[in-house]
Structures are given as structure tokens and as C-alpha cells.
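Please find below a short note on the model under review.

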Amino acid sequence: MKPLIISYSFTGNNEALTQDLKKRFNCEEYRVTELKKPIGPSILLDFFIKRPPKVARADINWQAYDYFILVAPIWESGVASPMRVFIEQERDHLTNYSFITICGGEESQAEKILNQLVTAAGRAPKAFCELKVNDLLPSGHHQQARFKTFYKIEHGDLKVFDDKISQFVKETGQV
Ligand SMILES: Cc1cc2nc3c(=O)[nH]c(=O)nc-3n(C[C@H](O)[C@H](O)[C@H](O)COP(=O)(O)O)c2cc1C
């Protein structure tokens, strides 16, 4: 049985990662979507006023999968809220999962993200990986929020993360 990648991406970085992972796992992708049509930055409004977004119930044939790869950005040292809400809604199905993200790379946020995943899904991920935009930036821009928060992954950037992605794929035990 192949795994299913469940992805959420706001500005495209985690979608680029998902395309790479689809080749490595030779599997399909399901995209987490908001219920309301995004008119302007409604998801950012949700984020700033700390309102959980409304997320569509999954249109997934759950019987066809026994392992899920979750891919999403990190916001405020936690899983981006649309993915967090999705996990809460579908937790009964997510009995085996791993989590990977391309995030800015705040220091010491991994424990908070992992705790949040355990709370939302009811269990820990089998494998967990943070790919940090911070590691792509020239040293003068390290830990400068405006660079790492709005960095757009470019062609070739994923090569820098190749070892970490390979290690993550190995740890899932799905290839
Ligand atoms: C509102 C906002 C808050 C963010 N907070 C964090 C954070 O706490 N930690 C972190 O590592 N990255 C943070 N980031 C950076 C994103 O995780 C990063 O830009 C990611 O690559 C975006 O993924 P996407 O293009 O798939 O949406 C934040 C970005 C935004 C827009």
C-alpha cells in the first residue's frame, strides 16, 4: 500500500516540497482546503485574530491508505492552522503518520510543534522533519524575520535539503 501525502501550503513552499515527495514516495497528494472561497487574505485574517479556519472534510478513500505524510508550514511556532484543524477533524483516520515542513526556522520550536501534533492527532508522528529557510539564507540574514518568513523556495533550493528529506523518507519506512 502506498502512503498518501496530505498537504497545505499558503505561499507555495510546502507545495514545492510536496511535488518532490510525490516522486520519492511515488504516491498521490490530497490538498487541505478552506471551506470558504478565499476572498483576499481571509486565512491571514483568521491567523491574526486567532480564529480557527473552516476546513473542508476530507474527500479521501481512507480504506485505500494506511500511512499519511503531512506537509504544512509553521505559523507562530505551530502547525499552520488549516492543517491543524484538518488533523483534529480527521484524527481517527490518522493512525500512522509523519510530518514534514519547510518553515522559517525559529529556534527551539520543534517540541512545541510535536506537542501540538500529539494533541491534534492523539498520537505522535512516526517521523518528523523541519526544513529551515534559515539554512538557505546568507549568514547576514540568519534569524531575520523578514527574510525567513517571506522567502520563496527557488529551483535548486530543495537540493540543499536533500539529505534531510532522504533521512525523513527513510524514517517513515514507506520506501
Ligand atoms: C504569519 C506567518 C507566521 C510564521 N511563523 C513562523 C514560525 O513561527 N516559525 C517558523 O519557522 N516559520 C514561520 N513562518 C514562515 C513559514 O513557515 C515559511 O515561510 C514557510 O516556508 C511558508 O510555507 P508555504 O509557502 O508552504 O506557505 C511564518 C510565516 C507566516 C506568513
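Which residues of α3 are buried?

1. The buried residues of α3 are Ser-81, Pro-82, Met-83, Arg-84, Val-85, Phe-86 and Ile-87. A residue is called buried if 20 or more other C-beta atoms, placed from the backbone, lie within 10 Å of its own. Helix α3 spans residues 81–90, and because seven of its 10 residues are buried, the helix is largely enclosed by the rest of the structure. Helices (H or I, at least four residues) and strands (E, at least two) are DSSP runs, numbered from the N terminus.

2. This is a predicted model, in which local features need pLDDT of at least 70 and side-chain atom pairs count only at pLDDT 80 or more, while totals for chains, interfaces and linings use all residues. Numbering starts from 1 along each chain as its sequence is written.

3. The buried residues of α3 pack against α2 (42–48), β3, β4, β5 (78–79) and α4 (110–121). Contact here requires that the C-beta atoms of two residues, placed from the backbone, lie within 7 Å.

4. An open sheet is formed by five parallel-paired strands in the order β2-β1-β3-β6-β7; pairing requires at least two DSSP bridges between two strands. Strands β2 (29–31) and β7 (128–132) stand at the edges with a single partner strand each, so one side of each has no neighbour in the sheet. From one strand to the next, the twist averages 20 degrees. Axes are lines fitted to C-alpha atoms, for helices over the stretch in contact, and angles run from 0 to 180 degrees between N-to-C directions.

5. Strands β1 (residues 4–7) and β3 (residues 68–71) run parallel and are joined by four bridges. Ile-5 has Ile-69 as its bridge partner in β3. Helix α7 (residues 162–172) packs on the sheet, where it touches β3, β6 (97–103) and β7, and its direction makes about 170 degrees with that of β7.

6. The largest nonpolar core has 36 residues, of which Leu-70, Val-71 and Met-83 touch the most other members. Such a core is a set of buried Ala, Val, Leu, Ile, Met, Phe, Trp, Tyr and Cys residues joined through C-beta atoms within 7 Å. Strand β6 gives the most to this core, with five residues. Beyond its neighbours within four places in sequence, Val-71 contacts residues including Ile-5, Leu-17, Leu-21 and Ile-100.

7. Around the ligand there are 20 residues, of which Ser-9, Asn-13, Asn-14, Pro-73 and Gly-104 come nearest; the C-beta atom of each, placed from the backbone, lies within 6 Å of the ligand.

How values were computed. Buried ≥ 20, exposed ≤ 12 C-beta atoms within 10 Å, placed from the backbone.
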